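Morning, everyone. Please have the sequence and the structure open while I talk.

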Amino acid sequence: MPQRISQCSIWKLQEDYYRNLGMAAWDNRTPYFLTNSQVVADNYASLILATLLDRPADLSQPVYIVELGSGTGRLAYNLIRELERKRRYFPATQKVRFQVVLSDIAEETVQFWETHPRFHDVSFWVDFALWSPFSSEPLRLRKSGKVLENARNPVFVLANYFFDSLPHDEFFIRAGQLEERLVDVVPKAVPSYSSANRLDVRDVDLQYSYRPADATTYYQDPVCSALLQGYVGAVASGAVTVPVASLACIARLRSLGTLCLLSSDRGFTTLPALTAYPDHPWALHSGCFSHMVNFDALGRAFHKYLHTTHHTVDGVQTVFCSDLEVELPHVEYEFRERVDRGNPANSAVALFSMAREEPKLAALLGVVKLNLYDPNALSMVGLKLAPMLKGITYGEHLDVVAALEECWRNDYYFRGSANVTFWLGHLYQTLGLFDRALWFFTQTIERVGADAMLWYLSGGCHESMGNRSEAVACYKRALALETGMAEATEALRSLGEPLPA
Ligand SMILES: C[S@@+](CC[C@H](N)C(=O)[O-])C[C@H]1O[C@@H](n2cnc3c(N)ncnc32)[C@H](O)[C@@H]1O
């Protein structure tokens, strides 16, 4: 029977997966590489310390850092090391007593952390909890026996690859009219992955349908209702999600204290990004799945919302959300200048593909990004990058264009500087953005002087845009500079034009 997506059975199958598998979930089944990385631990430690520089802690009380769905526990361990190392630079944070709480819904996973030798090394810093943010149980810390509520210092909540696993609803807005997306979860006739005690999510088919819905009455919950009505008012056409369970989770977490949320996940950070897609398919892994997180909606639930601005749906986005009603200049600086501008998490991960195999698109873009969009870096990878641009996804296309424009903003011309206008022209032509390519070829001619190949390429752009007479003129200029140039001769021939005498 078709149901609201948030109410269908797939979410329960996902919970069963984590509860049943325990630590086996991380044995080459569930993605964890980026969100458990040294780079993310480094980013989070910097942002936590920056927050405490902006809003000094009450040193008589601990500062709690609660991780939701900690999984392997590796992020928490590395975060502790990073905090310990970095706070030496900031006297105001040296006496803070951090308590890092790892939590999850799988008992076996909690026991794994409790006996992990790495956590013995830092036992003063950690506590553990078997906790689901949806149960009515309070957050009870297993080591200290304390119940965490109404903390005096800000409570940092970490949630990596977490909100992507929680129930949401999906809608489509067509010319201001709302339709809800329904799903029918149909078990496959012959299951391949399930066991006696667990139906594996790969053994179900999802059949989607749409029907008209009324945003004013759809949700009883005022937060979800306001969000959906706001989307209907703001979006002319496109798909939106309402992260009902994540919003409920955040509301419950507020009993812990004043929240600062740090989350990294595949997701949409703005409304235009969210609605640019016709629907929101899940990504199916080996027994679990993830949906793109609607960070736009989560950000609206907080006083402050900072998000990365990667133009990709394939990379991981990081957000910092906070209920603190004070200026946060150190946080802004860290977030915008380092976490976002340097984009170290995605770029570093992308570069791993270089070590594994032939460079991939992501790896070459990683080189450009880690060089902070230096035009020289683009010029160095341009030759290898161009052939990879054919047949890329929409998300990759956005990512490439954003990187190219950032490199162009960094252009500083002098004789001997990187030939970046040529590479921009070439890459835009390969992407099929011919007017932008033509503009860059024209810039290149102005910089380096008339060149047969540049006129030929400009002719190609004109031809692709349907400007026949301009194309012919460009091909003739190419031949005037290089008599008999094969490419220009062939281009004129294929247009049925007479060749210059
Ligand atoms: C995709 S994993 C992410 C693990 C870890 N944060 C990381 O980045 O590798 C999701 C985690 O959330 C936990 N979790 C807690 N509540 C959940 C729920 N209601 N549904 C699914 N997973 C839940 C799972 O047990 C699992 O450890």
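Start with L68. Setting aside neighbours within four places in sequence, L68 is in contact with S103, W131, V157, L158, A159, F162, C249 and L253. Keep in mind that this is a predicted model.

Now zoom out. L68 is one of the residues with the most contacts inside the largest nonpolar core, along with V66 and F163. That core has 52 residues. Which helix gives the most to this core? Helix α8, residues 244-253, with six residues.

How many strands form it, and in what order? Seven strands, and the sheet is open. Read the order as β4-β3-β2-β7-β12-β18-β17. The pairing is mixed. At the edges sit β4 (126-130) and β17 (304-307), and each pairs on one side only. From one strand to the next, the twist averages 15 degrees.

Let's look at β7, residues 155-158. With β12, residues 259-265, β7 pairs in the parallel sense, over four bridges. V157 stands opposite L261 in β12. β2 also pairs with β7 in the parallel sense, this time over three bridges. There, E67 stands opposite L158 in β7.

What about the two faces? Are the side chains on the faces of β7 buried or exposed? V155 and V157 on one side are buried, and so are F156 and L158 on the other. Both faces of β7 are covered.

**Helices on the sheet**

Back to β7 and β12, paired in the parallel sense. Helix α2, residues 38-54, packs on the sheet. α2 touches β2 (63-67), β3 (98-104), β7, β12 and β18 (317-322). The direction of α2 makes about 160 degrees with that of β12. Helix α4, residues 107-114, packs on the sheet too, touching β3 and β4. Its direction makes about 165 degrees with that of β4.

α2 has a helix partner as well. Two packed helices are described by the angle between their axes and the distance between the axes. For α2 and α11, the angle is about 155 degrees and the axes are 7 Å apart. Angles over 145 degrees count as roughly antiparallel. Therefore α2 and α11 are roughly antiparallel to each other. Which residues meet? On the α2 side, they include D42, S46, L47 and A50. On the α11 side, they include H330, E334, F335 and R338.

**Charged pairs**

Side chains of opposite charge can pair when their charged atoms come close. How many salt bridges does a search of the whole structure find? It finds 25. Here are a few.

D200 forms a salt bridge with R198, with the closest N and O atoms 3.4 Å apart. Both D200 and R198 are buried.

K304 forms one with E332, and here the closest N and O atoms are 2.5 Å apart. K304 lies in strand β17 and E332 in helix α11 (residues 329-340), so this pair ties together parts that are 28 residues apart in sequence. E332 counts as partly exposed, because its relative accessibility is 22%.

E332 also meets R336 in a salt bridge, at 3.0 Å from N to O. R336 and E332 are four residues apart in helix α11, so about one helical turn separates them. R336 counts as partly exposed too, at 44% relative accessibility. There is also a network: salt bridges that share partners join D42, E82, R85, K86, E334 and R338.

**Last stop: the start of the chain**

Where is P2? Its place is in the segment before β1 (3-4). P2 is partly exposed, because its relative accessible area is 42%. Leaving out residues up to four places away in sequence, P2 touches L182, V183, D184 and S209. What separates P2 from I173? They are 171 residues apart along the chain, and their C-alpha atoms are separated by 19 Å.

That's my tour. Over to you for questions.

Key:
Residues are numbered from 1 along each chain as its sequence is written. This is a predicted model: local features need pLDDT of at least 70, side-chain atom pairs count only at pLDDT 80 or more; totals for chains, interfaces and linings use all residues. Side-chain values use heavy atoms; hydrogens and water are left out. A nonpolar core is a set of buried Ala, Val, Leu, Ile, Met, Phe, Trp, Tyr and Cys residues joined through side-chain atoms within 4.5 Å. Buried means under 20% relative accessible area, exposed over 50%, partly exposed in between (1.4 Å probe, protein chains only). Helices (H or I, at least four residues) and strands (E, at least two) are DSSP runs, numbered from the N terminus. Contact means heavy atoms within 4.5 Å. Two strands pair if DSSP finds at least two bridges between them. Axes are lines fitted to C-alpha atoms, for helices over the stretch in contact, and angles run from 0 to 180 degrees between N-to-C directions. A salt bridge is a side-chain nitrogen of Lys or Arg within 4 Å of a carboxyl oxygen of Asp or Glu. Angles under 35 degrees count as roughly parallel, over 145 as roughly antiparallel, 65 to 115 as roughly perpendicular and the rest as oblique.
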